[in-house]
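Here are my notes for someone meeting this structure for the first time. Have the sequence and the 3D view open while you read.

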Amino acid sequence: MSVTPDPQMDEEEQLLPQSLVPGQDFHKWQGKRRFAWAAAFGGLSLLAWRAFGWQGQPPSETSGPQQKFASMPVIPQTASQHNGITWPEMTLPGTETMTFMIVGDWGGLDGYIQPPNGSPRMVQYSGGEQPGPHVFAHRPGGCTDGEMSVCFNVRGGNGCLPTCGYNDEADFKPAIRVADQMKLRAEKTKPKFVLNVGDNFYWGGIPLGCGEVPLAGIHYVTGHMFDTIYNQIYNSRELLDLPWLSVLGNHDYGGWTYASAWDQQIAYTWHSPRWRLPAQYWHQHVDFSDKGFDMDIFLLDSNNEDALPPSVLPSKMNLCSYAHNPKGATCGKAGGPQSPDDCPGYFGKLWQDQVEWVEKKLKESTATWQLIVTHFPCGHQAPWYEKLHAEFGLDLLVTGHTHVQSTSPLGGLLCVISGGGGGILSDAPSVGDLSNSYGFYDAMVNRTHLVLESINFKGNSLGTWVAYASSADRPARHEVVGQKPETQGEPQKHRNLPEAEEYPQAHQKDKPATQQNAKPAMQDEKPGSSQDDKPAVQDEKPAAKQDDKPATKQKETLAVKQDDISEAREEQPAKAPTGSPQLQATQETCGVWCQLLR
């Protein structure tokens with residue numbers, strides 16, 4: 001059975017959501033009534049073109065606004081032009097508790113779009129031909145993507161292999177389940193912004209070629225995908241106007257290619273009041289003006305982890321491979337790699353530039369809190385991040401990529417993985433009230449405490465972690481204390497933020513005169529290791545106190561150990577043989593995406 005849309009269906013009968021991009025409501029004038037609509041509203045359309053500054057582009061292709069916000073930096077000519085930029089300061093007045101959220105790997109498929117570049121529609125199972133978001137049906141081990149698509153077609157019923165671990169209660173539209181819990185939580189905590197760790201569009205990003213559209217314009221495909229997967233999902237009153245401080249994931253570049261329209265995600269910053277991704281790496285300063293503290297957030301591109309030599313094809317995940325980058329594929333116009341041969345060196349230099357940049361910025365920072373947000377998970381480049389904590393006072397590392405929710409220490413640095421946003425099936429089992437398969441983090445912060453709570457797709461708390469700020473006159477401490485959720489199987493009550501301690505120099509702290517004696521607590525993990533297949537959660541022993549170290553801005557952290565987070569892991573039956581009827585049915589229902597990715 002094919003699940004591609006009926007080519008005879010009038011596209012006007014398949015109602016598309018309205019885009020926030022000016023003029024997007026005109027971009028699907030197709031079918032039998034196109035001439036009548038065009039004749040009736042031709043004059044109005046012309047006025048709209050002029051009003052919105054479409055720069056001569058037809059509405060069915062691209063819309064491009066004028067500079068909307070005077071305080072914003074100029075629209076760049078290339079996607080890399082603003083690399084290293086400090087975005088205009090975010091000032092958050094008020095005396096209420098200050099909160100923010102963390103989410104990642106949330107951007108699902110949209111099979112309605114016929115990619116103009118000739119790529120197949122992103123349809124894996126029945127219903128996937130409708131506007132998204134639809135979860136990418138891929139889970140490492142157990143069964144193939146094709147076999148998993150059968151589970152979606154029958155919603156876990158007859159024909160779904162037990163080895164797939166499909167749980168309809170969680171795995172069907174998990175991004176919407178997580179978004180619904182974010183909305184409920186936001187009603188109580190009133191977050192101020194969202195930290196987004198990337199993989200915003202599966203499978204392979206926005207299905208256009210990078211550099212095809214000037215950054216002053218937004219293609220209708222981009223507008224449609226932002227609408228169906230982002231704008232209309234995180235759309236409650238409390239979430240609708242929140243800035244999303246974002247980075248790119250490997251799937252945003254293309255998954256196994258660098259040539260998808262990742263530059264359009266950067267361009268969308270100038271087309272949306274809340275999407276914030278002005279460059280591949282950038283800096284946001286946040287001033288909690290009435291609360292007496294501030295925060296520096298450094299957003300990095302860590303996709304060098306998947307930029308391997310072009311001849312290497314590990315598990316089909318290499319941004320630079322000859323096999324999946326079209327002949328002549330170039331992102332030169334966008335400021336990206338110009339060829340597969342150029343690709344590894346491009347991402348290698350991009351990473352090295354960020355290493356130098358962030359060390360300089362952290363050394364200069366006097367903010368109360370310092371965070372890094374990036375895509376690849378805890379464990380990649382671990383010694384370097386530990387160095388940033390030990391020598392420069394990095395407080396928190398926020399990551400994704402591994403498709404679970406987990407928290408672990410890197411030496412004395414607290415690191416979270418929030419890869420369970422629901423754009424792709426989770427790596428962890430999705431059964432049980434305390435499953436860490438899908439979810440987000442809710443964070444509260446004041447001058448002295450940063451409290452992180454992991455909330456799963458059922459709204460249940462998986463535990464709470466606390467980082468304690470240090471001051472210039474208070475020595476750093478390295479203690480890790482395990483703490484279980486208070487209730488098993490019931491939502492945990494929202495925790496109150498501890499009262500801010502009063503001590504000198506809590507807001508503007510001095511950096512130590514020298515960091516030569518400060519040594520990071522190294523772990524066994526090798527730098528650059530990608531952790532696609534399993535959560536990077538390690539059991540940690542409390543580190544010894546470092547009373548003789550300089551008063552660098554390190555933190556005491558509370559972290560729940562892996563054994564303390566209940567995970568329902570069931571024994572999986574043996575996989576069906578390749579000649580089984582289930583697999584034959586799979587090949588008929590999965591569609592071209594499963595054939596490509598199997």
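The points below go through a sheet, some disulfides and a helix.

1. Ground rules first. This is a predicted model, where local features need pLDDT of at least 70 and side-chain atom pairs count only at pLDDT 80 or more, while totals for chains, interfaces and linings use all residues. Residues are numbered from 1 along each chain as its sequence is written, and side-chain values use heavy atoms, leaving out hydrogens and water.

2. Strands here are DSSP runs of E of at least two residues, helices are runs of H or I of at least four, and both are numbered from the N terminus; two strands pair if DSSP finds at least two bridges between them.

3. Which residue stands opposite D287 in strand 9? D294 does.

4. On to the cysteines. The count comes to 5 disulfides, taking a disulfide as a pair of cysteine sulfur atoms within 2.5 Å. One of them joins C320 to C343, S to S 2.0 Å, and is left-handed with -65 degrees about the S-S bond. C320 lies in the loop between strand 9 and helix 8, and C343 in helix 8, so this pair ties together parts that are 23 residues apart in sequence. C320 is buried at 0% relative accessible area, and C343 is buried at 0% too; buried means under 20%, exposed over 50%, partly exposed in between (1.4 Å probe, protein chains only).

5. The loop between strand 9 and helix 8 also holds C331. A disulfide joins C331 to C210, S to S 1.8 Å, with C210 in the loop between strand 4 (194–196) and strand 5 (218–219), 121 residues apart from its partner. C210 counts as buried at 7% relative accessibility, and C331 counts as buried at 1%.

6. Another disulfide, C378 to C415, has S to S 1.9 Å and is left-handed, with -95 degrees about the S-S bond. C378 is in the loop between strand 10 and helix 9 (382–392), C415 in strand 13 (residues 413–418), 37 residues apart.

7. Finally, helix 4 (residues 174–189). Its 16 residues should span 22 Å at 1.5 Å a residue, and the end C-alpha atoms are 22 Å apart, which agrees; the expected span is 1.5 Å times one less than the number of residues. Buried residues of helix 4 include V178, M182 and R185. What covers the buried ones includes strand 3 (98–103), helix 3 (168–171), strand 14 (439–445) and strand 15 (449–456). After helix 4 comes K190, with a positive phi near 50 degrees.

Methods:
Contact = heavy atoms within 4.5 Å.
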